[in-house]
Amino acid sequence: MMRQTAVLNMLTLGVTLVLLGQSTGAQRDPRRRAAPTSKAACCEDMRALKVQLANVSSLLEELWRKQETEARGLTRQMLELERRSQNQEARVTEAEGKYSEINNRVEIMQLQTAQAVTHTSAEAIYDCASLYTRNYKISGQYKLPADEFMGTPELEVYCDMETNGGGWTVIQRRKVGLTSFDRDWKQYKRGFGAIRGDFWLGNDNIFRLTRQPTVLHIEMEDWEGEVRYAQYQHFTLSNELNSYRLHIAGYSGNAGQDSLRYHNNTNFSAKDKDNDKCVDNCAQLRKGGYWYNCCTDSNLNGVYYRYGEHRTGTDGITWYGWHGPNYSLKRVEMKIRPQNFRP
């Protein structure tokens, strides 16, 4: 519309200039000054010009309305195309989701089929190391089928197939901070959280996975982006009757002083079940289930504090041998695999 208005203004200006030119020319030309003119003739010319100008304005208005109608039509067409594109994208996404689900079911069926003919513990598929030996070498979420021979239920796990050769079953992760670890005994027993986010795999499941000689690997990251690790050549848990007692040995790594040694041979405690060696309830004080002594040299299940908030308390995600009792780590992963695993 701005273009039509500009054109109209230019035409108006042109007509005005023509009229002025005619008037000026009449003044300058003696012959034209001498020519007899009548007021009626001049008025008639003006009326004719006004009619022409009105016709031009009407034409421009008509052109503008036509262009506006066409523009609205094009806008509707673009909106319709965008709607169709979104619908098509939604269909593609839905199809991809169904394909992924079907593919996942096929993989599970393949694993279950393999389990159906399992007769020895060496052939059992009940952890990420077993999957790795069967050429499942991509890190991600897997569903382990139930195995009556080994007494393991169907279990959803996250497998780390990259760190130090892979084959690791992740049993704990802290990286997002949206999942509270201040849980009761039953929740720690069966597990909680999201496998791709923050979670605890469950003491019952960890107990079953450590009935063979097992290595524990703890990976930690601070808020400056530095990564350290602590590894134990021997790691196992007792059953629930023995309060999931922790047994570790063979420390190595670059995370400073062994900060889990103080917790060796201690029972697991939760906020509603105090099994520590203190008068105080360490699980309540530290706001997370853990193998407390009296109380901690580490607490990987403490409160997830954002950088700069954790200053004086000792209830954060702590590893005393690296950053001391008042520094809450940004990320922690605890993962296990059999001692006899070979990439």
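Ser243 sits in the loop between E7 and E8. In this predicted model, Ser243 is buried, because its relative accessible area of 11% falls under the 20% limit. Three disulfides are present in the structure, the largest nonpolar core has 57 residues, and a search of the whole structure finds two cavities of 30 Å³ or more.

**Ser243**

- Residues up to four places away in sequence aside, Ser243 touches Trp185, Asn267, Phe268 and Asn275.

**Nonpolar core**

- Nonpolar side chains tend to be buried together in soluble globular proteins.
- Within the largest nonpolar core, of 57 residues, those with the most contacts inside it are Trp200, Leu216, Ile218, Met220, Phe235, Leu260 and Trp319.
- Leu260 touches Leu216, Ile218 and Trp319, which are also on that list of core residues with the most contacts.

**Disulfide Cys128–Cys159**

- The sulfur atoms of Cys128 and Cys159 are 1.9 Å apart, and the two residues form a disulfide.
- This pair links distant parts of the chain, with Cys128 in helix H4 (residues 128–133) and Cys159 in strand E2 (residues 155–160), 31 residues apart.
- The disulfide of Cys128 and Cys159 is left-handed because the torsion about its S-S bond is about -75 degrees.
- Cys128 and Cys159 are both buried.

**Disulfide Cys278–Cys294**

- Cys278 and Cys294 form a disulfide with their sulfur atoms 1.7 Å apart.
- The pair links distant parts of the chain: Cys278 is in the loop between strand E8 (246–253) and helix H7 (282–286), while Cys294 is in the loop between H7 and strand E9 (298–299), 16 residues apart.
- The link of Cys278 and Cys294 is right-handed, with 95 degrees about the S-S bond.
- Cys278 has a relative accessible area of 18% and is therefore buried, the limit being under 20%.
- Cys294 has 40% relative accessibility, so this residue counts as partly exposed.

**Disulfide Cys282–Cys295**

- Cys282 is joined to Cys295 by a disulfide, S to S 1.9 Å.
- Because Cys282 lies in helix H7 and Cys295 in the loop between H7 and E9, the pair ties together parts that are 13 residues apart in sequence.
- The link of Cys282 and Cys295 is left-handed, with -85 degrees about the S-S bond.
- Both Cys282 and Cys295 are buried.

- With bonded cysteines counted along the chain, the disulfides follow the pattern 1-2, 3-5, 4-6.
- Cys43 is partly exposed, because its relative accessible area is 31%.

**His263**

- His263 is found in the loop between E8 and H7.
- The relative accessibility of His263 is 0%, so His263 counts as buried.
- At 2.5 Å, the side chain of His263 reaches the backbone oxygen of Trp291.
- Besides Trp291, His263 is in contact with Leu246, Tyr290, Tyr292, Asn293, Cys295, Thr296, Asp297 and Ser298, leaving aside neighbours within four places in sequence.
- Cys295, one of these contacts of His263, is joined to Cys282 by a disulfide.

**Gln233**

- Gln233 is in strand E7 (residues 227–237).
- Gln233 counts as partly exposed because its relative accessibility is 42%.
- Between Gln233 and Ser252 there are 8.2 Å in space, C-alpha to C-alpha, and the two are 19 residues apart in sequence.
- Leaving aside neighbours within four places in sequence, Gln233 is in contact with Thr214, Val215, Ala249, Gly250 and Gln339.

**Second largest cavity**

- Rolling a probe the size of a water molecule over the atoms shows where empty space is left.
- The second largest cavity holds about 40 Å³ of space.
- Its lining consists of Asp127, Thr169, Leu209, Gln212, Thr214, Ile336, Arg337 and Pro338.
- Strand E11 (residues 331–338) gives the most to this lining, with three residues.
- Thr214 is one of the lining residues of the second largest cavity and is in contact with Gln233.

Key
Residues are numbered from 1 along each chain as its sequence is written. This is a predicted model: local features need pLDDT of at least 70, side-chain atom pairs count only at pLDDT 80 or more; totals for chains, interfaces and linings use all residues. Side-chain values use heavy atoms; hydrogens and water are left out. A nonpolar core is a set of buried Ala, Val, Leu, Ile, Met, Phe, Trp, Tyr and Cys residues joined through side-chain atoms within 4.5 Å. Buried means under 20% relative accessible area, exposed over 50%, partly exposed in between (1.4 Å probe, protein chains only). Contact means heavy atoms within 4.5 Å. A disulfide is a pair of cysteine sulfur atoms within 2.5 Å. Helices (H or I, at least four residues) and strands (E, at least two) are DSSP runs, numbered from the N terminus. A polar contact is a pair of N or O atoms within 3.5 Å; within protein, one must be able to donate a hydrogen and the other to accept it, and residues adjacent in sequence count only if both atoms are side-chain atoms. On a 1 Å grid over the protein atoms alone, a cavity is a set of points where a 1.4 Å probe fits but cannot get out, and a pocket is an open set with protein on both sides within 12 Å along at least five of seven lines; lining residues have an atom within 4 Å of a point. Grid points are joined across faces, edges and corners, and a volume is the space filled by probe spheres set on the points.
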